Amino acid sequence: MEKNGSGRKITRRQMVAALGVAGTSALAGCGSTSDSDVGAPSDKDVPAPSVDASDRWELTTPDSKPRLLQEGSAAIVDYTAHGHIVRFEDTQLRERIHRATFEQIDRPFAVAFAGRVDIYPSSLSLATGLKSGEIDSAIRGNLTSAMEEFGVQNVQRSGTMDASDTPAGEFMVVEGEYPVQEISIDGVDIPHSDRSQLTFGGGTLPIKGIAGRWKSDGSILAGGGVYPKENFADSQGVEMSEAISMDINVDLSLQPARREAQILEFVNSISL
């Protein structure tokens, strides 16, 4: 094998592992290697992956462009990896919660991504090596970093999830908790009560992130998402008299199983 600038030999295993780390970092929205050119706009024509998702998914990266993910050498061949990543948000869910909470909560609750990575020269065929355990570890590690940057706390690895009905076959899983802001509703008018304000929220919302990748006609495709693992509900009691009280309930109806099914449907819609 060829030697790198430090004189250390580069094995194919090390090269594939490094490529996987760089590619996954970009797909998850994190940093990559320290090479000065990595992350720069690519000079290759790597189209964004095609996503035939439902109307609920809105593209949040309309100006995305291919980027250089990794460069190096193997044997006598110099290689570069170039990727194109697009991100989406479930805007219907966001808008519904925004309206239902009197415009007090306005943030993403479910996001998804799709990515394509091409290796040049294509004859190097490194894509077959990107299913290794090292790459699985890179996927999980970088998804964890992406969730932490998103504001999710106490992020932990949570094994894998069967996805035999998707091209990925299996997803890396990470879980964490998102702080739920406390919201106050002023100007309420409750009969037989002097309460004019109600306060809900606080605490945390369990969050789940999944990501997987697969080979497609010589390219590497990837997809996944982040969504609530549990619903969020809260209640507050209001005394109307010494004998009568009432509970006012907040239920965001996040429907975690439905969100997960929508992410899987999104992944199934990804193609070259």
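1. Is Glu-89 buried or exposed in this structure? Glu-89 is buried, with a relative accessible area of 8%; buried means under 20% relative accessible area, exposed over 50%, and partly exposed in between, with a 1.4 Å probe and protein chains only. Its salt-bridge partner is Arg-94, the closest N and O atoms being 3.2 Å apart. Arg-94 is partly exposed, at a relative accessible area of 22%. A salt bridge here is a side-chain nitrogen of Lys or Arg within 4 Å of a carboxyl oxygen of Asp or Glu.

2. On the basis of the values: this is a predicted model, in which local features need pLDDT of at least 70 and side-chain atom pairs count only at pLDDT 80 or more, while totals for chains, interfaces and linings use all residues. Residues are numbered from 1 along each chain as its sequence is written, and side-chain values use heavy atoms, with hydrogens and water left out.

3. On the overall fold: the protein chain has 4 helices and 14 strands. Helices (H or I, at least four residues) and strands (E, at least two) are DSSP runs, numbered from the N terminus. Of the 272 residues in the protein chain, 46% are buried. Among contacts with a separation of 6 or more, 69% join residues 24 or more positions apart, a contact being heavy atoms within 4.5 Å.

4. On helix α4: the 13 residues of α4 should span 18 Å at 1.5 Å a residue, and its end C-alpha atoms are 18 Å apart, which agrees. The expected span is 1.5 Å times one less than the number of residues. The buried residues of α4 include Arg-259, Ile-263, Leu-264 and Phe-266.

5. Phe-88 and Phe-266 form one that is edge-to-face, at 5.2 Å centre to centre with 65° between the planes. Phe-88 lies in strand β4 (residues 77–90) and Phe-266 in helix α4 (residues 256–268), so the pair ties together parts that are 178 residues apart in sequence. Phe-88 is buried at a relative accessible area of 11%, and Phe-266 is buried at 1%. Ring pairs link Trp-57 with Phe-88 and Phe-266 in a cluster. Rings of Phe, Tyr and Trp (its six-membered ring) pair if their centres lie within 6.5 Å; planes under 30 degrees apart count as stacked, over 60 as edge-to-face and the rest as tilted.

6. Arg-56 is linked with Asp-90 and Arg-259 in a network of salt bridges.

7. On another salt bridge: the whole structure has 7 salt bridges. One of them joins the side chains of Lys-229 and Glu-175 (2.9 Å, N to O). Lys-229 lies in the loop between β11 and β12 (233–239) and Glu-175 in strand β7 (residues 169–179), so the pair ties together parts that are 54 residues apart in sequence. Lys-229 is partly exposed, at 38% relative accessibility.
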